[in-house]
Amino acid sequence: MSRPEIDPERDTAESAAIERVIAELRTPVAVRPEWRAEILRGAAKLASPDAPASRGVRRWTLRPLTAIAAALVCVVLGATIAVVVLGPGRRSSSAEVLANLTSTMPLPGEHGGQSTVRFVFVAPYASRVSLVGDFNRWNPSAMPMRRSADGRAWLLDVPLAPGRHVYSFIVDGDLAPDPAAPRAGDDDFGVPSSVVLVAGAKS
Amino acid sequence: MSDAALVRRVLDGDARAFTLLVDRHLQPCLRFATRMLGNRHDAEDVTQEALLRAYRALAKYDEAGSFRTWLFAILVNRCRTSLLQRSRYVKRVVTDEDAMHGATALDEASSTELRIEIERAVALLDPDQREAFLLKHVEQLGYDEMAAVTGAGVSALKMRVKRACERLQELLGEVNDVTS
């Protein structure tokens, strides 16, 4: 059955009710002068942000390094993708694999009855992210994640047995479920958590 | 003077330039946080925290991108954390009292019945949908900017905005059905 094409931008902007909601929500929120002053006092108490030495010059010296780093990352990613895509029995397209690198997913293949799941959390401004779940007894120090080469995401590959696993991330001390994964319906003790399903071995 | 030029001046030791940056972005940041959290007190806290974090990290700002996008990425993260902290202790239930409080906190001069219903409907949206809707339609970011701010893909964001609009229409339609 064919479905009409949806243009979300066009569809959503047409409703008069939504236009009214938008107009109401755009109403400016008054800024309290004493609160503004508090922010500025707070900034004044902080050490001045460190200016990169010779900002302009440094940019030029960083660019080739960034390019080299990006090239290395591309080589490593390319090799990984080649292994994943061209490995025996693999039918995934390279585009599919690339798309999956931005969210938590089981990687193809298995070892000793376990599959490797790549956990991904996009948090460019976090300074520390770790993974907790039923597979590590929710121990916050058991599985620190590593920052991706571009600095935007945090990654960790974990071998997991087939089945349903509940997990969450700890981002700078705060629990955060995986925004790209289904939420666990039975949030343990009110902890926001997500679910990853690992397929069983084919017999 | 552009935001990037102001950032350069702050990094060169001109503290007054940060005041200019704050005055330029404080109002939209506070508006987003207030609409997102539905609570003026929490909104002031997260906005203040986001601005001070931005100040500390100013040297990491890349002039190739928009300062507003960079700042909103920090703010959106602080809002998410605030919502998570809140949900750890209490499931958010929007009562009439909450809606009244949120609405009056937003703008005492215009606490109309319509505004109360709108605030109530917005509070009932899924946080991801509310976030996308506010960034798109209230703060008027482009989808590429939203993707940079939220870490989500453009098509996912478009779908969240669409779902938010549908849900809002549904919620406000219910209100109209009851009151008419």
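# Chat on a predicted two-chain model

Tutor: This is a predicted model. In chain A, 57% of the contacts with a separation of 6 or more are between residues 24 or more positions apart.

Student: OK. How many helices and strands in chain A?

Tutor: Chain A has five helices and eight strands.

Student: And what pattern do they follow along the sequence?

Tutor: Chain A reads α-α-α-α-α-β-β-β-β-β-β-β-β.

Student: What share of chain A counts as buried?

Tutor: Of its 203 residues, 36% are buried.

Student: Give me one buried residue in a strand. Where is Val198(A)?

Tutor: Val198(A) sits in strand 8 of chain A, residues 194-198. Its relative accessibility is 5%, so Val198(A) counts as buried.

Student: What does Val198(A) touch, leaving out residues up to four places away in sequence?

Tutor: With those left out, Val198(A) touches Ser115(A), Val117(A), Leu160(A), Ala161(A), Pro162(A), Gly163(A) and His165(A).

Student: How many residues apart in sequence are Val198(A) and Val117(A)?

Tutor: They are 81 residues apart in sequence. In space, C-alpha to C-alpha, Val198(A) and Val117(A) are 7.9 Å apart.

Student: Switching to cores. How many residues has the largest nonpolar core?

Tutor: The largest nonpolar core has 66 residues. Phe32(B), Leu75(B) and Phe133(B) have the most contacts inside it.

Student: Which helix gives the most to this core?

Tutor: Helix 2 of chain B, with 11 residues.

Student: Take Phe133(B). What does it touch, not counting residues up to four places away in sequence?

Tutor: In chain A, Phe133(B) touches Ile18(A), Val21(A), Ile22(A) and Leu25(A). In chain B, Phe133(B) touches Val138(B), Val161(B), Ala164(B), Cys165(B) and Leu168(B).

Student: What about the second, separate core? Which residues does it include?

Tutor: That second core has 21 residues, including Phe119(A), Phe121(A), Trp154(A) and Tyr167(A).

Student: Back to helix 2 of chain B. At what angle does it pack with helix 3 of chain B?

Tutor: The angle is about 140°, and the axes are 8 Å apart. Helix 2 covers residues 15-37 and helix 3 covers residues 40-56. The pair is therefore oblique.

Student: Left-handed or right-handed crossing?

Tutor: Helix 2 of chain B passes helix 3 of chain B in a right-handed crossing.

Student: Which residues make the contact?

Tutor: From helix 2 of chain B, Phe18(B), Leu26(B), Cys29(B), Leu30(B), Ala33(B), Thr34(B) and Leu37(B). From helix 3 of chain B, Arg40(B), Asp42(B), Ala43(B), Glu44(B), Val46(B), Thr47(B), Leu51(B) and Tyr55(B).

Student: How do the residues of that contact divide into nonpolar, polar and charged?

Tutor: In the contact of helix 2 of chain B with helix 3 of chain B, 10 are nonpolar, two polar and three charged.

Student: Now across the chains. How far apart are the axes of helix 3 of chain A and helix 2 of chain B?

Tutor: Their axes are 11 Å apart. Helix 3 of chain A is residues 33-45, and the packing angle is about 130°. So helix 3 of chain A is oblique to helix 2 of chain B.

Student: And the crossing, left-handed or right-handed?

Tutor: Helix 3 of chain A makes a right-handed crossing with helix 2 of chain B.

Student: Which residues meet there?

Tutor: Trp35(A), Arg36(A), Ile39(A), Leu40(A) and Ala43(A) come from helix 3 of chain A. They meet Phe18(B), Thr19(B), Val22(B), Asp23(B), Leu26(B) and Leu30(B) of helix 2 of chain B. The residues of this contact divide into eight nonpolar, one polar and two charged.

Student: New topic: Cys79(B). Where is it found?

Tutor: Cys79(B) is in helix 4 of chain B, residues 67-89. At 1% relative accessibility, Cys79(B) is buried.

Student: What does Cys79(B) touch, sequence neighbours up to four places away aside?

Tutor: Beyond those neighbours, Cys79(B) touches Phe32(B), Ala33(B), Met36(B), Leu37(B) and Val46(B). Cys79(B) and Phe32(B) are 47 residues apart in sequence and 9.3 Å apart C-alpha to C-alpha.

Student: Where is Gln129(B), then?

Tutor: In helix 7 of chain B, residues 127-138. Gln129(B) has a relative accessible area of 17%; the cut-off for buried is under 20%, so Gln129(B) is buried. Not counting residues up to four places away in sequence, Gln129(B) touches Arg160(B), Arg163(B) and Ala164(B).

Student: Last one. What is phi of Gln140(B)?

Tutor: Phi of Gln140(B) is near 60°, a positive value in a residue other than glycine. Gln140(B) lies in the loop between helix 7 and helix 8 of chain B. Its relative accessible area is 49%, so Gln140(B) is partly exposed.

Definitions and conventions. Residues numbered from 1 in each chain as written. Chains lettered and ligands numbered in written order. Predicted model: local features only at pLDDT ≥ 70, side-chain atom pairs only at ≥ 80, totals over all residues. Heavy atoms only, no water. Axes fitted to C-alpha atoms, helices over the stretch in contact; angles between N-to-C directions. Helix = DSSP H or I, 4+ residues; strand = E, 2+ residues; numbered from the N terminus. Parallel < 35°, antiparallel > 145°, perpendicular 65-115°, else oblique. Left-handed = near helix turned anticlockwise from the far one by under 90°. Contact = heavy atoms within 4.5 Å. Nonpolar A, V, L, I, M, F, W, Y, C, P; charged D, E, K, R; others polar. Core = buried A, V, L, I, M, F, W, Y, C linked by side-chain atoms within 4.5 Å. Buried < 20%, exposed > 50% of the residue type's maximum accessible area, 1.4 Å probe, protein only.
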